[in-house]
Amino acid sequence: MLASFMSVMQPHRVLFIPELLGIILSFVDEDDYVNNACVCKQWSEIALDIIWKEVDGLSRLLTLLRPYKITGRYNFFDGLPDSRDWTRFQRYANRVRILRFQQDTDIDYSGLLDDMARTRTTLDMLPNLHTLEWIYEDVDCMERATLFMHQRLRHLVISAPPLRHKDKVSFFLDVCVRAPHLHSLDLRVPYRVQHIETAILELLRGLPDLKTIIFPEFFLTSSIVTELSRMKHINIVQFEYGHEQGFGEEKDVDVFAPVFEEGAFPALLDLAVTARIEHVMRFMNADFAPINLTSLYINTYVEHEPEELHTLLVMLSERCRGLSQLYILLAHYVAGESELVPAKQITFNTLAPLLSFPNLGTFQVMHKYPVNITLEEIEELACRWPSLESLTLNEEPLIMHEFTLDLRALIPFALHCPKLRRLGLFIDANPSKIPPMLELKPFAALCFLSVGTSRAQDPEAVAAFLSHLCPPKCKLEVGVTWTSFGVRSCRLLDDYLRVEITKRFHPWKSARDILPILIQLRREEREKSRALQEEVEDLRTRTRLLMDKTDIKANDSCIVA
């Protein structure tokens with residue numbers, strides 16, 4: 001009895017397996033980490049690993065070494081760190097895997113970092129650090145980033161040297177010497193690539209193990225892409241939008257003509273470029289082009305004809321058979337433009353080559369004019385593309401007064417595309433066009449329904465219809481992304497456009513607010529209906545059995561002659 005009681009009181013053996021215990025503790029609230037560290041020695045080690053795995057900011061790290069005081073914007077240790085301080089510091093510093101720092105001009109840590117550099121007892125202050133994010137504004141802060149770099153660093157997110165700093169190459173060469181085995185580099189630059197292109201080329205040559213590179217938009221020039229093509233391990237080449245990443249200048253990529261050698265891009269799978277369609281076609285048709293891509297993102301601010309897009313799709317379907325994700329953003333827009341030009345609209349025939357890609361599961365196209373596609377063509381598209389996982393069919397045109405689709409366009413995708421997780425369509429959600437509430441098959445896997453600049457006239461009726469199709473966790477997305485792009489004509493839309501977009505946003509917001517409630521009600525209705533059907537079927541089975549028994553008894557008689 002006592003042994004049984006003791007076995008109940010002892011912790012389960014799974015709690016003594018470090019890997020499993022680490023997974024379990026990683027799911028608890030951050031405030032509970034300290035409590036977990038006090039349970040026992042084994043729990044303490046694992047909890048401390050979780051607590052110190054990621055460090056945001058320098059304050060927490062510096063306090064660990066020695067208390068410091070603040071005088072104005074400057075910080076000073078209350079005394080120089082000694083060997084005892086460093087022994088205590090290393091117990092926790094060895095656990096740090098990720099360090100993130102963003103300079104605040106109101107707080108100066110340079111004095112503290114200089115003291116650390118002078119008194120440290122080992123060269124690598126964070127010896128197990130694999131990810132460093134260091135965002136700075138001035139040269140002093142830039143130079144101190146190298147304190148945390150070492151041979152085992154694998155991922156670096158860092159600002160470029162300030163524009164006024166003349167010797168940008170020397171800093172990048174220092175990075176290459178200290179962290180030569182980087183696997184990923186995310187470079188933030190607040191100025192044009194022409195001011196730093198030479199330094200970037202030197203940086204790339206000094207990082208032979210690089211696999212992923214992320215730049216601001218307009219930084220993938222011909223020279224930089226040519227240099228990347230010589231790198232053996234590079235498999236992801238991307239750019240990001242937004243102020244944090246930095247803004248380049250469109251003119252720097254006006255001509256996109258990299259030069260390839262035999263064996264170019266041996267490992268490239270994911271590529272994003274800003275270039276004219278004709279330049280992309282020349283790029284992909286060249287000898288030694290990266291035709292084994294699985295993901296391609298093309299952005300252009302030059303006006304292109306639908307025929308050019310069609311030709312591009314035909315070429316890609318023939319050259320890049322392994323492509324599974326394709327994004328094409330035709331982001332040309334002129335301020336004041338408001339008239340629809342039908343001849344320049346993308347049509348179903350323009351997009352027909354998409355059905356020739358053997359592995360394509362994700363497609364996005366963006367254009368200032370709505371896609372001219374009918375409900376019958378939507379039905380054909382969905383029927384012929386059952387493997388579709390994500391389709392964003394220009395749901396946010398800026399010339400937005402002509403509609404060819406309504407809510408009925410959702411039904412074919414729910415019927416024929418069981419893997420579909422994201423769908424974006426430009427529709428007129430008019431209650432008069434909503435079909436009778438027949439038994440509609442809901443989407444099997446839809447997570448995001450994006451309506452962009454679509455129009456909704458009766459939020460309640462729209463939400464009621466969508467509740468028949470959308471799964472419980474499906475999110476309704478509204479609005480535009482044009483304003484996040486790099487050129488001024490996209491970031492600064494006309495006032496009348498902003499007013500119209502805002503006007504269309506409010507009905508969709510109302511529909512979005514009530515949609516989860518209606519989806520839950522539909523779900524409960526289906527469960528009750530299913531339970532009722534099961535009960536009816538059970539009663540039918542019982543009745544049939546009783547009838548069979550009755551027939552048996554009626555016929556069970558014996559006649560004596």
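Leaving aside its neighbours within four places in sequence, which residues is His165 in contact with? Here are some close-ups to look through, starting with that one.

A quick note before the views: this is a predicted model, where local features need pLDDT of at least 70, side-chain atom pairs count only at pLDDT 80 or more, and totals for chains, interfaces and linings use all residues. Residues are numbered from 1 along each chain as its sequence is written, and side-chain values use heavy atoms, with hydrogens and water left out.

**View 1. His165 sits in the loop between strand S6 (155-159) and helix H9 (168-178).** Helices (H or I, at least four residues) and strands (E, at least two) are DSSP runs, numbered from the N terminus. Beyond its neighbours within four places in sequence, His165 is in contact with Val139 and Met142; contact means heavy atoms within 4.5 Å. His165 has 17% relative accessibility, so it counts as buried (under 20% relative accessible area; exposed is over 50%, partly exposed in between, with a 1.4 Å probe and protein chains only).

**View 2. Val365 is part of strand S13 (residues 362-366).** With 1% relative accessibility, Val365 is buried too. Setting aside neighbours within four places in sequence, its contacts include Leu309, Ile328 and Ile346, along with Thr392, Leu393 and Asn394. Look for Leu330 as well: Val365 and Leu330 are 35 residues apart in sequence, and 7.5 Å apart in space, C-alpha to C-alpha.

**View 3. Phe218 and Tyr301 make a tilted aromatic pair.** Rings of Phe, Tyr and Trp (its six-membered ring) pair if their centres lie within 6.5 Å; planes under 30 degrees apart count as stacked, over 60 as edge-to-face and the rest as tilted. The count by this rule is 17 aromatic pairs. In this one, the rings are 5.7 Å centre to centre, with 50 degrees between the planes. Phe218 lies in the loop between strand S8 (212-216) and helix H11 (222-229), and Tyr301 in the loop between strand S11 (295-300) and helix H13 (306-319), so the pair ties together parts 83 residues apart in sequence. Phe218 is buried at 3% relative accessibility, and Tyr301 is buried with a relative accessible area of 7%.

**View 4. Arg60 has its charged end over the ring of Trp52.** The distance to the ring centre is 4.1 Å. A charge sits over a ring if NZ of Lys or CZ of Arg is within 6 Å of the ring centre and within 35 degrees of the ring normal. Arg422 likewise lies over the face of Phe448, at 4.5 Å from the ring centre.
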